[in-house]
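Hi everyone, thanks for coming.

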Amino acid sequence: MCSRGPRRLVQCPSSRLSQAVFSRESDDTMAEGTDTRTQGGSPGPGASKEPAAGRIFSGMQPSGEAHLGNYLGALRQWVRLQDEHECFFCIVDQHALTGDFHPETLPTRVFDLAVSFLAVGLDPERSTIFVQSDVPEHTELTWLFNAVTPVGDLERMTQYKDKSARLESIPAGLLNYPILQSADILLYRAELVPVGEDQVQHLELAREVARRWNHRFGEVFPEPRPILSTAGRILGLDGGAKMSKSMDNTVRILAEPEEIWERVRTAVTDPQRVRRNDPGRPEVCNVFTLHGHLTDPVLLPDIEDQCRAGTRGCVDCKRILADSIGEHFLEVRERAAELKANPQRVREILEAGAVRARKEAERTMTQVRERMGLTWRSGVHAG
Ligand code: SF4
């Protein structure tokens, strides 16, 4: 057993960490940013705080160790949500099967993401942290939701249209992906789901699935509402695309300072700054945006002023950012190292989470099977 167990993991986050889904990869997350608002019910769009109650579900695909985009877009928000909500955080490995994946590396990717979850401060004492494939009811409910979901609803999903347009042969799983997402959420009768803007359409489908199913079989599922980010998309080091492993524009949150610098020094800045003393435009520079998330706020006015005046070069500016990242994740790296040295502890946490998740899933499925008539024994009468 690790001498620093799960409780310890949460007690020791840095003050910034304590400030502190869903996706094709863990690169695409359901939650983004620190300031959030809800849609689809009170307190409604524009509200600046999460409601103080309500069960939360969010998931992330196992693409290995988390990167800055995962952290800024989702994980730091999840850490905070634990304070006021009952949370289910899931590593959605079955979703990963609809994209490029390798059976031989998938288990390691699950483990590495679990380490990142725990290292940033997700607390297995307060939240249910588990792996999707450990709870077979996810796929069972997916099949049952197929019965109430029109194909047309799936075909109009923007993400499906984008991805399928690039494929010669479209796997059925790609089309049905949002039904599995709906099942993930509704299996736990979650009321709130942290999502990025790109997942709002899928969550709307989950609400529609809940409505249709309830209408036909009786009220079981709440209609889940999104907790939306006001932080916007976290762009990668290229400054153009969303930060994602597949775009190779990320910084690993567990990277050592040398690696962080090697990555950050390549970041794209204001293209109009050709010479060191050219005046810059921080508002168009993603390095400055990342400063806003990770650098001591006291330093930001100077960074901005010196950029505009052309008195600080971009290399120096990136160096400050790299140092900020290194410092921000210092304790996270330490906790991750402890967990990696004790993989059995990680396994125990995920297994305990799966036990809790299965119990809750079974509670839902007992009702669902009854309402849908999957109770053949009640039709067998004594002769
Ligand atoms: S000085 Fe900093 S904020 Fe300004 S353009 Fe360069 S990297 Fe961006």
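Helices (H or I, at least four residues) and strands (E, at least two) are DSSP runs, numbered from the N terminus. Please keep in mind that this is a predicted model: local features need pLDDT of at least 70, side-chain atom pairs count only at pLDDT 80 or more, and totals for chains, interfaces and linings use all residues. Residues are numbered from 1 along each chain as its sequence is written.

Now, helix α11, residues 257-264. Its buried residues are Ile260, Arg263 and Val264. Looking down the axis of α11, these buried residues fall within an arc of 90°, so they line one face of the helix; the arc is that of the directions from the helix axis to the C-beta atoms. What covers them includes α14.

In total, 13 residues surround the ligand, and the closest are Gly280, Cys285, Cys307, Cys314 and Cys317. Being near here means that the C-beta atom, placed from the backbone, lies within 6 Å. The shell divides into 7 nonpolar, 2 polar and 4 charged residues. Ala, Val, Leu, Ile, Met, Phe, Trp, Tyr, Cys and Pro count as nonpolar, Asp, Glu, Lys and Arg as charged, and the others, Gly among them, as polar.

Let's move to strand β3, residues 87-91. In a regular strand the side chains alternate between the two faces of the sheet. In β3, Cys87, Phe89 and Ile91 on one side and Phe88 and Cys90 on the other are all buried. β3 runs parallel to β2 (residues 56-60), joined by 5 bridges, where pairing takes at least two DSSP bridges. β3 also runs parallel to β4 (residues 128-131), with 4 bridges, and phenylalanine 89 stands opposite isoleucine 129 in β4.

Finally, leucine 350, in helix α16 (residues 343-371). Why does leucine 350 count as buried? Because it has 21 C-beta neighbours inside 10 Å. Leucine 350 touches Ala114, Ile129, Phe130 and Val131, leaving out residues up to four places away in sequence; contact means C-beta atoms, placed from the backbone, within 7 Å.

Technical notes:
A residue is buried if 20 or more other C-beta atoms lie within 10 Å of its own, exposed if 12 or fewer, and partly exposed in between; C-beta atoms are placed from the backbone. Two residues are in contact if their C-beta atoms, placed from the backbone, lie within 7 Å.
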